[in-house]
Amino acid sequence: MDRAEKQALAWSIGILVLFMAAIVAAISGWGITVPDCITDVEPFEEGQLIQHDDLHYELQMVAHMWYFNPGQIELPVGATLDIYLTSADVVHGLHIDKTDINMMAIPGQISYLRVKFDEPGTYHFLCHEYCGIAHHTMAGSIVVKSPEEFQPEDMGADEALNGAAGETEEELGNES
Amino acid sequence: MKVDKSLKNLTLWLLFIPTVLLILGVLDGLLQVLFRAGWIQNTEALGIEYYQGLTLHGVINAIVFTTFFAVAFGNALIWYALKKPINLKVAWLSFWLMVIGVVFAAYAMLTGQASVLYTFYPPMKAHPLFYLGLALAVVGSWVAFWNWIPVYLQWRRENPGQKTPLAVVGIFATFIVWQIATIPVAVEVLFMLFPWSMGWTDSVNVMLARTLFWFFGHPLVYFWLLPAYVMYYTMLPKLTGGKLYSDWAGRLVFMLFIVFSIPVGTHHQYADPGIGSEWKFLHAVFTFAVALPSLITAFTIAASLEYAGRKNGATGTFGWMAKLPWFDTNRWLVPYLLVGLIIFIFGGISGIVNASYNLNLLVHNTSWIPGHFHLTVAGPVFLAFLGMSLYMVSKMTGKPVQLKGFATIVPYLWMIGLFTFSTGMMRGGLHGEPRRTNLGLTYLNPDSPFYRPEWEPYVIITAIGGILMFTAVTIYFITFFATFFSSAKEEAKLEFPLSEAYHEGPVKALANFKPWVTIAVVLIVLSYIPVIYDVLRSTTRSAPPYDPHNPAPLVQEEEEYYDEDFEEEEFEDEESAVIGEDEATNTEESATESSSDETQQTGAE
């Protein structure tokens, strides 16, 4: 091994370690992480949006051939959304434009990620995993509105749903 | 050396069949970019449905073409480098297994009964012959590899203390990775998907099947890449008029690929549930480790080329680059390797982006991903395989390459097309453009409510690139078939341009595969046991099969969504489960036998 080879090897290892350090910084510094293994959430079959408090929402989303349930969502600016995603049939994916939300919907599994919407506007989302002949029609959107425009009753978060929210929270703690 | 007639025929068939199939494969590639740009606004073109064409494109180009080539290359190179014949009966057996496998899979795909893409994720179900065909093709490639092992062992007994030729080390590394990595996918296909597609089992664990697929899916890319590396290390230096800078580095690189190629699969599953993020992170670390041999290669090959350039009279720091035989039509094989190396710089960098754990969420399943992997598998791998196919046909038949000028420009035109294509795909991907999607019908259709005008420029750039790529490969086909069907003018030879080494270096630790394979197995076990454990403990239900044309399952699982009250009535449950099974069998049979129209009706009921 000559000098040039040793130098090249040292540079190569150095660059890779640096990249790895950047990833660790993004995890620990900014908390950007990937979906984890979830075993403590009760499987659900119906999609719903649950309001936990003013700016904290939980979305239970079910991907179907070839639509999302729910497919249209309204949120106030500043809302934090906990997304729980599953599939009723085949493998699907969810990508929400202009966010870090990129996850797979897999039958028999629940996927979780959290996102905060700081800017008003329309956030398109779509299925990005081939799920059959009409895969390209599987999309929806989240409309994030300023507090003046936002009307909570529009999104159908009625009392029954709020009741279910409390129950789900309990279950989250108890199930294992 | 003189070429054995049976080996010649075997090699020609092994190269001819995938090259003919490749015409269909690249035509499907061309159609994809036109569909995506919205220039074809339809569910099908030329009688091929979009997702059916995408399946054909992936299976033919990435699995059939590459596997046939690797076997042909290995058979001939082992024979030539060790100067020992392989057992041709076994080699022909491997050929027939692969051919029968391809015929089965082709039947399923061409009749539209296997539009499940080359990743065949369940619970989307393909025709059983699709799974059986792929399994046979893989087993055929195993048989080819097993056939080389006794030849190599005998060579070692006869040549004690001699270094194994680097080309043989490289081919063995390729197939050791392949042998280990195809076991999980064989388990997935033979024990999970095949019985399920036959209707013998009702449901599969989707997450487990996916995980087993990617257990295989990433090493698969090294199975593609390593034969190209064999050419870079053992042939390119000689072709350019130089020597391999470091023989030692080459051996180290191949051993490192054996060690780190496989425990990395969940980096394709960063966005999946069901796998602990700490294990995903571990796979990310190993993925960075497997980048190391490629960085060493970048240095070693560049140093070898610099040596060649200086021997040809180059001066200054960068003068050697100009002194390489870029456009020498008598050395037409050189650009297939050199241009591939240039492309691979960008393929490697974009691959590191994908491997970067949380950064992957920006690009996962967007068109960035095919943009990236066309810079690897359709870059260095594809060009090296095309070039070497033509080289082997020409040498073994004694037919000089026809239209050498055409042959020489193919890699350059391909590179221009590929860079254009990948620019469009990757830029679009960063703006959320999805992969594997018939964009022209909705997202790139101004009349659709889903219209996304911001993707227009990217799909147009992609389409232009795709058309250039198609043009380049068409020129290649003309050269290949013109050579193939010309008449012999030279002596038929079994010959490869194997290089000498400039630095030899210590090789004791690198002389034997065993310790490296052992480390590989240990790392695989350590990195995959927790992953499989997580997958099993987080799965709440398995899934019945689905036809891609129909949202209703092909098998109605009545026991799937029980009420808790219902479970108390055990007797009734058992009865209904039995009835469910009967219905399942019937539905399954009719689905298999009938056309897709009838299947839809069954599902609609």
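This talk describes a predicted model of a complex with a chain A and a chain B.

Good morning. In this predicted model, local features need a pLDDT of at least 70, side-chain atom pairs count only at pLDDT 80 or more, and totals for chains, interfaces and linings use all residues. Residues are numbered from 1 along each chain as its sequence is written, and chains are lettered from A and ligands numbered from 1 in the order in which they are written.

Let me begin with confidence. For the complex, the predictor gives an ipTM of 0.86 and a pTM of 0.89. The term pLDDT stands for the predictor's confidence in each residue, from 0 to 100. Chain B has an average pLDDT of 90, and 92% of its residues score at least 70. Over residues 559–605 of chain B, however, pLDDT stays under 50. Where pLDDT is low, the predicted coordinates should not be read in detail. Chain B is assigned a domain 1 (5–538) and a domain 2 (564–604); such bounds come from an automatic or database domain assignment. The C-alpha centres of these two domains of chain B are 41 Å apart.

I turn to chain A. Its elements are two helices and ten strands. Helices (H or I, at least four residues) and strands (E, at least two) are DSSP runs, numbered from the N terminus. In what order do the elements of chain A run from the N terminus on? The order is α-β-β-β-β-β-β-β-β-β-β-α. Of the 176 residues in chain A, 36% are buried. A residue is buried if 20 or more other C-beta atoms, placed from the backbone, lie within 10 Å of its own, exposed if 12 or fewer, and partly exposed in between.

Five strands of chain A form an open sheet in the order 4-10-9-6-7, with mixed pairing. Two strands pair if DSSP finds at least two bridges between them. Strand 4 (72–76) and strand 7 (102–105) of chain A each have a single partner strand, so one side of each is left without a neighbour in the sheet. Within chain A, strand 6 (residues 92–96) and strand 9 (residues 121–126) run antiparallel and are joined by two bridges. A:H95 has A:L126, in strand 9 of chain A, as its bridge partner.

The loop between strand 9 and strand 10 (139–145) of chain A holds A:A134. Is A:A134 buried or partly exposed? A:A134 counts as partly exposed, because it has 17 C-beta neighbours inside 10 Å.

Now to the interface. Contact means that the C-beta atoms of two residues, placed from the backbone, lie within 7 Å. In these terms, 63 residues of chain B are in contact with 51 residues of chain A. Helix 6 (206–234), helix 8 (247–260), helix 9 (277–311) and helix 17 (514–538) of chain B are the elements that give two or more residues to the side of chain B that touches chain A. Helix 9 of chain B gives the most, with ten residues.

B:S356 is in the loop between helix 11 (333–355) and helix 12 (360–363) of chain B. Why is B:S356 counted as buried? B:S356 is buried because 22 other C-beta atoms lie within 10 Å. Leaving out residues up to four places away in sequence, B:S356 touches A:F19 and A:I23.

Thank you for your attention.
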